[in-house]
Amino acid sequence: MTDDAPSFDAHRCENGHVTYPGHTRCPDCGAEQTETVDLSDRTGTVVTWTTSTATPPGVREPNHLAIVEFTVDGESVRALGQLTTADGVDIGDDVEPVYAAELREPGAGIREPDSQAWDGFRFEPA
Amino acid sequence: MASGEFEGQTGVPNALAHDLNALPAYTQRVDQTSASGGAGIYAAWQSVASGASDLTLLVGGEKMTHKTTGEATDVIASLTHPVEYKHGVTLPSFAGLTARKYLDEYDAPRESLGKVAVKNHRNGTDNPHAQFRKEVDLETVLESPVVADPLRLYDFCPITDGSAGLVFCPESVAQEYTDDYVVVSGVGGATDTHVVHEREDPTTMGGVVESSNVAYEMADRGPEDVDVAELHDMFTILEFLQSEDLGFFEKGEGWKAVEEGVTDRDGDLPINTSGGLKSKGHPLGASGVAQAYEIYQQLLGDAGARQVDATVGLACNVGGFGNCVTTTILEQP
Ligand SMILES: [Zn+2]
């Protein structure tokens, strides 16, 4: 990857707890989160997945989704994200993050487009 | 209620007080997404318990059916964290994710989820206030269109217009008006993570565990004392999670109770005698109030064909995907 490639930042406190997304205080210990860990080059494991066929305005249909678990220095951190495909995917499978510039159409749904980011990482079966 | 997104009308309590000739009574809205009704019970109970009020009217309501399913789903999904919302997550998709994990983890058959829908639809046929008064068979449930794999259409509650009301007062005041009342013996509320994927065990709803612990302690009761329960079956899988997290059954065993008929109307612990959200419908702000109303009717012997033998009842109202939960225990005086 190049230096300006988008990163998939999890956040870590001084006690080694890792969360995605970051929080003002570490949900485990209350300490400040002081560093980020890029998950974009790592392989995660599917905790569970679904295919949603009743999707809101501006969301692809069907929408394959998974909760994926990464292990960072022995600490577990999870992320929910779209799957590039649900073909052959099952619990326990390895997946890799793939960047997408727009995960759903900003402004098509109820949330104010400027209020949040719309890019992020999908998961591709490894 | 939701915060006005469905109709673009805010300040509704003010309008209601005016229409009911209740001026200058103080009003407030309680917003706790799908758990607004239960949160309203908590707030109404607090207003009386604190001595600030000796008569509090709680009204839960929502008007939703003028929106398309996609729009209504998005209004509800707007409670999610930005990192989940951007992926197009919906509450039904959280249910699909959780159901797959539950079935895999506890080796439960897909049919067991369908049996929740069959049971609650059957109960709903005897509820004059239910949105659906129609039985469904297991085959229909299992062959209905996929909404969030492995969950299908009949695993989900409908989109509903509806309302419900309860009056709260000290017991001494109630006795001035009527012999027909029930006592709130325990009430508790709790919050879980905003980001759903951050929960250590996706098949446990921490807010259900914590809120019920508070309510049980206040009532000096335990799960074994509950005779009838109304659970937040917005999705069939939630009835399993709550029946376990409330302590009725061991973790991973809730599905067996449904298979064995324990939670049927004539079982040891009838669950959702009203038909549940599944059949009664789920007008967000009204649901928690309507749950307590069903328990109220059961405790007073007013439930007609739905009547079970009960002196202690419990209602569990879930907001978000377990993000905020209230548990209320009601008893005969
Ligand atoms: Zn920490």
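Helices (H or I, at least four residues) and strands (E, at least two) are DSSP runs, counted from the N terminus. The model is predicted. Chain A and chain B bury about 3100 Å² between them. The contact draws on 38 residues of chain A and 37 residues of chain B. One salt bridge links chain A and chain B.

**Interface between chain A and chain B**

- Of the roughly 3100 Å² buried between chain A and chain B, 59% lies on carbon and sulfur atoms.
- Leu80(A), Ile110(A) and Arg111(A) account for 21% of the area that chain A buries against chain B, more than any other three residues.
- The salt bridge count between the two chains is one. A salt bridge joins the side chains of Arg104(A) and Asp74(B), at 3.1 Å from N to O.
- Polar contacts connect 21 residue pairs across chain A and chain B, with both residues at pLDDT 80 or more.
- On the side of chain A that touches chain B, at least two residues come from each of strand 4, strand 5 (63-72), strand 6 (75-82) and strand 8 (120-125).
- Strand 4 of chain A is the top contributor to that side, giving six residues.
- By class, the side of chain A that touches chain B holds 20 nonpolar, 14 polar and four charged residues.

**The open sheet of chain A**

- Three strands of chain A make an open sheet, ordered 2-1-3, with antiparallel pairing.
- Strand 2 (18-19) and strand 3 of chain A are at the edges. Each has a single partner strand, so one side of each has no neighbour in the sheet.
- Strand 1 (residues 9-13) of chain A pairs with strand 2 of chain A over two bridges, in the antiparallel sense.
- Arg12(A) has Val18(A), in strand 2 of chain A, as its bridge partner.

**Strand 4 of chain A and its partners**

- Strand 4 of chain A is mostly covered, with eight of its nine residues buried.
- Seven bridges tie strand 4 of chain A to strand 5 of chain A, and the two run antiparallel. Opposite Thr45(A) stands Glu69(A), in strand 5 of chain A.
- Strand 4 of chain A also pairs with strand 7 (residues 94-100) of chain A, over two bridges in the antiparallel sense. Opposite Gly44(A) stands Val95(A), in strand 7 of chain A.

**Thr43(A), between strands 3 and 4**

- Thr43(A) sits in the loop between strand 3 (33-38) and strand 4 (44-52) of chain A.
- Thr43(A) counts as partly exposed because its relative accessibility is 40%, and the partly exposed class lies between the buried cut-off of under 20% and the exposed cut-off of over 50%.
- Beyond its neighbours within four places in sequence, Thr43(A) contacts Phe70(A), Asp94(A), Val95(A) and Glu96(A).
- Thr43(A) and Gln82(A) are 39 residues apart along the chain, and their C-alpha atoms are separated by 15 Å.

**Cis peptide bonds**

- The peptide bond from Glu61(A) to Pro62(A) is cis, with omega near 0 degrees. Pro62(A) lies in the loop between strand 4 and strand 5 of chain A.
- In chain B, Asp149(B) and Pro150(B) are joined by a cis peptide bond, with omega about 10 degrees. Pro150(B) lies in the loop between strand 2 (146-148) and strand 3 (151-152) of chain B.

**Positive phi outside glycine, chain B**

- Asp107(B) is not a glycine, yet has a positive phi of about 55 degrees. Asp107(B) is placed in the loop between helix 5 (91-106) and helix 6 (110-124) of chain B.
- Asp107(B) counts as exposed because its relative accessibility is 66%, and the exposed class starts over 50%.
- Asn272(B), also a residue other than glycine, has a positive phi near 60 degrees. Asn272(B) is placed in the loop between helix 11 (254-259) and helix 12 (276-280) of chain B.
- Asn272(B) is buried, because its relative accessible area is 0%, and buried means under 20%.

How values were computed: Residues numbered from 1 in each chain as written. Chains lettered and ligands numbered in written order. Predicted model: local features only at pLDDT ≥ 70, side-chain atom pairs only at ≥ 80, totals over all residues. Heavy atoms only, no water. Buried < 20%, exposed > 50% of the residue type's maximum accessible area, 1.4 Å probe, protein only. Contact = heavy atoms within 4.5 Å. Buried area = accessible area lost by both parts, 1.4 Å probe. Salt bridge = Lys/Arg side-chain N within 4 Å of Asp/Glu carboxyl O. Polar contact = N/O pair within 3.5 Å; in protein donor to acceptor, adjacent residues only side chain to side chain. Nonpolar A, V, L, I, M, F, W, Y, C, P; charged D, E, K, R; others polar. Pairing = 2+ DSSP bridges.
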